[in-house]
Amino acid sequence: MLYCKNAIKVFYKKPSNHWCNSPGRQRNKIMSKVLFCIVICFLIISPAALFSATLLYDDFSGKIVSPSKWHIPTWVSPTDGTVVGCTQFRFTQNSSLPVVKDGNAIIEVESYNPAAFSFYGTDLRSNRSFALGEGIHITVRAKMNTTTPGIVGGIFLYALKPGSTTYHDEIDFELLTNMPNGAQTNIYSNEKLGIGNQQFVPYTSGSITDYHTYEIKWEPNQVSWFIDGILVRTDTSHVPTGPMNFHLNIWVPDPGWPEAYDPNLEPTTSASSNQIFSMSVDSVNIQSITPSIGASDLAPIPPLLLLNKTP
C-alpha cells in the first residue's frame, strides 16, 4: 500500500519543468503504477461488486410494501396454498399489501377471520422467482413481535413442481414461538408436503423477539444457513434445483405439527375479541452468487500496466 500511496502522490503533485520535460517513458511508468494500484485496491475493497448481482433489495421505506416487488396470493381453490394449518392467508380479492411501520414490513396473523372460522394470516411473496444458476444468497433482518405459543413466522424459498399440488422445493427459516431460543431450518428437494428435513438451531444470544440476521446460501451442491453471520447448518443431500419465489409469512399450525401447535390458541368468531400477532421484517437482500475469481481466471493486465517495468 505504501507503493500505491507514493505512486499516486507523484502522479498528482504540482507539475514542474522536470515533469514536463521528462521522457514519455517516465510518464507511462508512473501512470502504470497508479492504474495498477487502482485495480488492486478495487479487488481488495469491493470483491462483492465483481462477484454478485442484486436481484431483490427492500428496506421497506414506504407506507405499505411495494407492489413492484411483492404480492399476496389470489385465492383459486382450497388446494392452492392459501389455507395452511388453522390459517387462511389474506388474498388479493379482499386484502391489500402489508403496512410498513418504522422501516419494517409488518407481517400479521389475526385470530378473527371475517370469512371463516380460522386464523387470518399473511403470506407475502416476491413478484419474481429466483433460478439457482451459480447460486442465490438471501439475507433477511427480522424479529417476531410475540411469544404467544402456537405461532410460526416463515422466511423461505418455495415452489410447487409443475403439474403437482404436493411435490415441491423449499428452503426455510421458521421462527416458532413454542421454541423461542432458536430457529427451525428445513429443506425439501422435489419432495411431498410434510415434515421435510428439519433441524433446530439455537441462537448464540437473544430470542426470536430480538432482531437477527438470517442468511440462506443456495448453491448447486449444497445449501447453507447462517444466523448473525455464523454458519448453523449445511445440507448436501436435499438441494433444490428448480426456480423458487421468496416468502415472508406468519400463521398458526394445526395438531399435524405438534412442535409448533398449541391447543390453547384458538380463533375467535368475534371481531371485538380479535388478537393480532406479527413479525417485523427490517430488510431483504437477495443476490446471485458468481464463482470466486482465481488467479488463473483474472483478465490479462492491460498493456499500459506492463509498460516500462524496468527502472
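Setting aside residues up to four places away in sequence, Asp262 touches Pro149, Gly150 and Asn178, where a contact means heavy atoms within 4.5 Å. The model is a predicted one, so local features are taken at pLDDT of at least 70 and side-chain atom pairs at pLDDT 80 or more, while totals for chains, interfaces and linings use all residues. Residues are numbered from 1 along each chain as its sequence is written, and side-chain values use heavy atoms, with hydrogens and water left out.

Asp262 sits in the loop between strand 16 (244-251) and strand 17 (276-289); strands here are DSSP runs of E, at least two residues, and helices are runs of H or I, at least four, both numbered from the N terminus. Asp262 is buried but has no salt bridge, and Arg90, the nearest side chain of opposite charge, is 20 Å away. Buried stands for under 20% relative accessible area, exposed for over 50% and partly exposed for in between, using a 1.4 Å probe and protein chains only. A salt bridge needs a side-chain nitrogen of Lys or Arg within 4 Å of a carboxyl oxygen of Asp or Glu. What the Asp262 side chain does reach is the backbone nitrogen of Asn264, at 2.8 Å.

Now for the nonpolar packing. The largest nonpolar core holds 49 residues, and Phe246, Leu248, Val281 and Val284 have the most contacts inside it. Such a core is a set of buried Ala, Val, Leu, Ile, Met, Phe, Trp, Tyr and Cys residues joined through side-chain atoms within 4.5 Å. Beyond four places in sequence, the contacts of Phe246 include Trp70, Phe130, Ile155, Phe156, Val284 and Ile286. A second, separate core has 6 residues, among them Val152, Leu176, Trp251 and Ala260.

Tyr120, in strand 7 (residues 119-130), counts as buried because its relative accessible area is 7%. Tyr120 and Thr87 are 33 residues apart in sequence but 5.7 Å apart in space, C-alpha to C-alpha. Thr87 is also one of the residues that Tyr120 touches, along with others including Phe89, Arg90, Glu108 and Tyr112.

Across the chain there are 5 helices and 17 strands, and 41% of the 311 residues count as buried. Of the contacts with a separation of 6 or more, 69% join residues 24 or more positions apart.

As for confidence, the chain averages a pLDDT of 83, with 75% of residues scoring at least 70; pLDDT is the predictor's confidence in each residue, from 0 to 100. Residues 1-22 stay under 50, with 17 contacts beyond four places in sequence. Residues 38-50 are also below 50, with 6 contacts beyond near neighbours in sequence. Where pLDDT is low, the predicted coordinates should not be read in detail.

Conventions
Lys, Arg positive; Asp, Glu negative; His and termini not counted. Polar contact = N/O pair within 3.5 Å; in protein donor to acceptor, adjacent residues only side chain to side chain.
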